[in-house]
Amino acid sequence: MTLQISETAPPRAEKTRRKAPKVPLREQLIGWLFIGPFGVVFLAFLVAPLVYALYLSLFRKALIGGTSFVLLDNYTKAFTDPSFLDGAWFVIRFSLVLIPVQMLISLAMALILDIVTSAFARFSRLMIFLPYAIPAVIGALMWGFLYSKNFGPLGDIFGLFGASAPDFLSNDLIFYGLLNIVTWQWAGYYMIILYAALQGIDPTLYEAARIDGASTWQITLRIKIPLITPALLLILVFALIGTLQFFNEPKILRDLAAGAIGPDFTPNMYAYQQAFGLANFNYGSAISFALGGVVFVCVYVFLFATRKRGSFLS
Amino acid sequence: MKRKPFLAAAATLVLAGTLVACSSGDDGTSSSDGGGGGGSDASNCTNTIPKPDLPAVTLWAWYPNMELVVDNFNELNDEVQVCWTNVGEGGDEYEKFQTAIAAGTGAPDVIMIEADRIPTFQVQDALVDISDYGYEDVKDDYSEGAWQDVSVGDAVYGVPVDGGPMGMIYRKDIFEQYGITPPTTWAEYEQAAQTVRDAGGPLFGDLGANVPAVMMALQIQKGASPFAYDTDDPENIGIALNDQASKDVLEYWGGLVEKGLVGTQDQFTPEYISGVINGDYATYISAAWAPGYLTGAGVGEGADSGQFAVAPLPQWDPANPVQVNWGGSAFSVTSQASDPELAAKVAFGIYADEASLTDGWTNQVIFPLNLNALEDPAFVDLEVEFFGGQQANKEVYVPAANAYEGFTYSPLQQYYYDAMTEQLGALNQGSITGSEAADRLQDDVVSYAEEQGFTVQ
C-alpha cells in the first residue's frame, strides 16, 4: 500500500510543446505498434459498442409496424419523460448531498492517519479501506438485511431505548439508507487516495512551518489541504460520475424495499428496464446517451468552476 | 539491438491478434450451432445426458423438481435428449430471452414461460406454432381451457404444464385464537380483518406491489376484463383498466391498507417470508403452487407444522362465484430452434410422464393440468401435509380449476405489470386512491400501446 502520487505528475504538455521535430517513419511505426494492443481492445470494446448504441438510439422499434428511423425523437422523448427527468433529478440531488459528506469523512480520516504513526494507524487504515474490497452487490445485500425490520438489528438496538427503529427501506428514508451504503463503500477508497497524496508532500515544508511557529492545526489547513487539492478534485470527479450512474445498490435493494424503489428510480435503472424488461433497446440506448449528456454537462460545469484551482486536468 | 523493441511490439500485436481471433471464433461457433444456442451446448447442461449420441435440444426452465423431470424424460426417450439450464425464475428468464430475441441468437430451443407472457413473445415472432407438430396426439390430455390459455387465435404456442387456481391460505391457530371462521365474501374478509386488528392481532393479509398478476386476477373476479385482443386483428387492442370493477377492487385493497388491516410488503422476499414464518399474516391470497413454494422457503416447520389450511377464495357475489388463476406455466418452442419438430417433441413430452407429474403434485410444486394427473384419484384425494392433512385439492383447488374460464392476455403484459407495480406501490404508500391508481394505469398503458403501434379501442 505504498501508493505515491507525485505533486507534478501530469506533465503539462502544452507548455513544453515546441515545434515537434520530425520523427522518422520507422519510429512512428514502432510507436503505433506499442499502442496497437490497447487500440484494438479500446476500439472493439469501448468505441464500437458506443457507436452501435448511438446508432440504435436513432431508431424506434414498435411491436406493430416494425423499425423506423426517427433521428432525435427518442431524445426528445427522454427529455420530456417524467421517469427519466425524475431519475436524473434524484441522482443530482443525491450527488449534492453525498459528495460533500463523503469527501469530508475521507479527508478527516486521511488527515488523522497522516498524523498518527502507530501500529494501530496501519490497522485502522486497512479497516477503513476494507468496505471497498467488498463487492458492491454483497455490500448492498448486507445493508439491506441490516435495515430489515424483521431480522435486522436496528429494531433491537432502538428497542433498548424504547424507541422504534427508523425504516431505511421506506419511501421517506431510502435516500439516507442509500447515502449510508455508498459512503460506507467508497469513503475508504477516497481516503487512500488522499492519504497517498498527503504522504507525497515534502516533510521539510512542515519543518519550515514549525520553525515559523505554525500549530498542527495551521499546518493542516494552510499546507496539507491546499497541497492535496488536485487529489480532492480527482475524487470529486470520480464520485460525481459514479453517482450520476447510480445502479447497483438501488437495483439490489429493490427486492427488499417494498415499493420505495421503482424500476425508473435512477436513469441507468430506467435504461436497463427499457432495454431488457421491455425489449425497447432503442429507447434504452437513447436514455443511456441522454444520461451521458447529463454527466458531461455536470462534470464540465464543475471543471469550469474550478479551473483556476490548478486542477489535475489543466 | 534496435530490432528488439520492434520484435517485442510485433509479438504483442500478434498475441493480441490471436486473442481477437479466439473471441470472434467463439462467436462464429455459437451462432452457426443453432441447436446449442444460448451458449448451452452439450457441455453447458446442468444435467448429464445419458445417451450422448442422440441429438440434443436445449431447454430453459425453473420448476423446483426440474432435474428429476429432465432425467425422467431422457431416460424414457430414445429419439432426443434434453440439455437443461435454469437461467432464473420468471422475470430473470424473460429478460434473458428478450435479449436473445433482440440479438437473434442465444435463445434455447424450448423454454418454460408463464401462460400470460405467451402473447408478449408471440407478437415478436419469437415462438413457433406447434399445432402441426403432434398437437393432435396429446390434445385430449388437457382440458380445452388449458389449451385456450396457451393459444393465440387458432395457433398453439405452448404445452400446458401447471395452473394456479387461487384460494385463501390461512393460519388455523390465528383464526381460532380470535374466534373467526374463514370468510366466504370480501366483505366478511374485511370484517374478520377488523376483528383481528381490534383484538390486537397480526395483519390479515398482504398487498404486494410486486405481484400485479394477483391484483389483475382479483379484478377479473369482480368482472373486469383488462384486455381484448385477437391475432386475426393484431393492430387493434382493447384496454379497460379503469372500469368500475377494477376501481372497486383497488379501492377495496387501498382501504384495507389505509386501515392498517393488511401489510404492504413485497412478496417472495426474505422480509415477507420471515413475516409469514413469524405469523405476521393471518391469510395469504395465493395459488395452488404456493404450499410447495412456502415449504421450500421453510414455512410450516416445527411448531408451525400443520397450522395452515386453505379455503376457497372469498367472493364478491356468493350467488355467482367466480374462480380465478395466478401463474401456471407451459413449454414453448422458440423460433430460434434449429429443428422445431424435434423441439416440439420435447415440449410435448417433458413433464408429461407419470413419475414427474406425481413428484410435482405430491410436493405441491405444480398443480397439474395434464388430465392423467388431474383426474387421478390419488391426486384429488391427497391429504396435504402442509395443510395438516386437509384434502386441499378436493375441497378447494380442483373445483376452482374446473370453474376457471380462462383470461385474455395481451402482448403488453410485461409493461402492464410494471405499470401496475408502480401504481400499487403508490397505493401502498397512501399517496393515491384506488380510483386514481386505475385511471393512471389506464393512461399509462394506453399511451404505451399507441407508441407501440397499436390502435386502442
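What is the mean pLDDT of chain A, and what share of its residues reach 70 or more? The mean is 84, and 91% of the residues of chain A reach 70 or more, where pLDDT is the predictor's confidence in each residue, from 0 to 100. The structure is a predicted model, in which local features need pLDDT of at least 70 and side-chain atom pairs count only at pLDDT 80 or more, while totals for chains, interfaces and linings use all residues. Residues are numbered from 1 along each chain as its sequence is written, and chains are lettered from A and ligands numbered from 1 in the order in which they are written.

Within chain A, confidence is lowest in helix α1 (residues 13-16), at a mean of 49, and highest in helix α8 (residues 174-199), at 92. Helices (H or I, at least four residues) and strands (E, at least two) are DSSP runs, numbered from the N terminus. Over residues 1-15 of chain A, pLDDT stays under 50, and the model has 12 contacts beyond four places in sequence for this segment; two residues are in contact if their C-beta atoms, placed from the backbone, lie within 7 Å. Where pLDDT is low, the predicted coordinates should not be read in detail.

Chain A has 14 helices and 2 strands, and its C-alpha atoms fill a box of roughly 80 × 80 × 35 Å along the principal axes. Of its 314 residues, 29% count as buried, a residue being buried if 20 or more other C-beta atoms lie within 10 Å of its own, exposed if 12 or fewer, and partly exposed in between, with C-beta atoms placed from the backbone. Among the contacts in chain A with a separation of 6 or more, 69% involve residues 24 or more positions apart.

Chain B comprises 19 helices and 17 strands. The radius of gyration of chain B, taken over C-alpha atoms, is 25 Å, close to the 23 Å that the globule rule gives for 457 residues, so chain B is as compact as a globular protein of that length. The rule is 2.2 Å times the number of residues to the power 0.38. The C-alpha atoms of chain B fill a box of roughly 90 × 55 × 50 Å along the principal axes. Buried residues account for 50% of chain B, and 76% of its contacts between residues at least 6 apart in sequence join residues at least 24 apart.

At the interface, 26 residues of chain A are in contact with 38 residues of chain B. On the side of chain A, α2 (25-56) and α13 (267-277) each supply at least two residues, and α2(A) gives the most, with 7. This side divides into 17 nonpolar, 8 polar and 1 charged residues (Ala, Val, Leu, Ile, Met, Phe, Trp, Tyr, Cys and Pro count as nonpolar, Asp, Glu, Lys and Arg as charged, and the others, Gly among them, as polar).

Leaving aside neighbours within four places in sequence, L194(A) is in contact with S106(A), L107(A), A110(A), I228(A) and A231(A).

Q267(B) lies in the loop between β12 (262-263) and α11 (270-278) of chain B. Q267(B) is buried, because 21 other C-beta atoms lie within 10 Å.
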